[in-house]
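Biologist: I have not looked at this one before. Can you walk me through it once it is on the screen?

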Amino acid sequence: MSVNITQAKENLYELTDKVIKNNETITINTRYGDAFLISKENYDSLVETLFLSSAPEYKKSLIYDMKTPIEECLNEEEIDW
């Protein structure tokens with residue numbers, strides 16, 4: 001969804017409610033450029049993703065794991081917690 005800055009000011013409560021309840025991102029258009037209204041949950045997720053993808057060892061491990069066939073991931077042994 002995209003709104004101009006005037007619409008965003010007039011409907012801030014409703015837009016914020018929609019962002020939080022529906023996990024939506026709203027683009028707010030201004031004459032100087034665009035801004036985004038996102039939930040804290042989505043923001044925190046983005047920050048964590050950026051942090052993890054910037055860690056070389058984690059990134060390498062993730063790429064390796066993505067290439068591993070699912071059959072090799074299944075372990076028949078019982079895990080003793």
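Biologist: How exposed is Asn-23?
Modeller: Asn-23 is partly exposed, because its relative accessible area is 44%. Buried means under 20% relative accessible area, exposed over 50%, and partly exposed in between, with a 1.4 Å probe and protein chains only.

Biologist: Where does Asn-23 lie?
Modeller: Asn-23 is in the loop between helix 2 and strand 2. Helices (H or I, at least four residues) and strands (E, at least two) are DSSP runs numbered from the N terminus. The phi angle of Asn-23 is near 55 degrees, a positive value in a residue other than glycine.

Biologist: What is this model, and how are residues numbered?
Modeller: It is a predicted model, in which local features need pLDDT of at least 70, side-chain atom pairs count only at pLDDT 80 or more, and totals for chains, interfaces and linings use all residues. Residues are numbered from 1 along each chain as its sequence is written, and side-chain values use heavy atoms, with hydrogens and water left out.

Biologist: What is the mean pLDDT of the chain?
Modeller: The mean is 89, and 90% of the residues reach 70 or more. pLDDT is the predictor's confidence in each residue, from 0 to 100.

Biologist: Which strands pair with strand 2?
Modeller: Strand 3 (residues 33-37) pairs with strand 2 in the antiparallel sense over five bridges. Strand 1 (residues 2-4) runs parallel to strand 2, joined by three bridges. Two strands pair if DSSP finds at least two bridges between them.

Biologist: Which residues are bridge partners there?
Modeller: Thr-30 has Gly-33 as its partner in strand 3, and Ile-28 has Ala-35. A hairpin of two residues joins strand 2 to strand 3.

Biologist: New topic. How many salt bridges are there?
Modeller: The count comes to two. A salt bridge is a side-chain nitrogen of Lys or Arg within 4 Å of a carboxyl oxygen of Asp or Glu.

Biologist: Which side chains meet in them?
Modeller: Asp-17 meets Lys-21 at 3.3 Å, N to O, and Lys-40 meets Asp-44 at 2.6 Å, N to O. Asp-17 and Lys-21 are four residues apart in helix 2, about one turn of the helix. Lys-40 and Asp-44 are separated by about one helical turn because they are four residues apart in helix 3 (residues 40-53).

Biologist: How exposed are Lys-21 and Lys-40?
Modeller: Lys-21 counts as exposed at 62% relative accessibility. Lys-40 is exposed too, with a relative accessible area of 60%.
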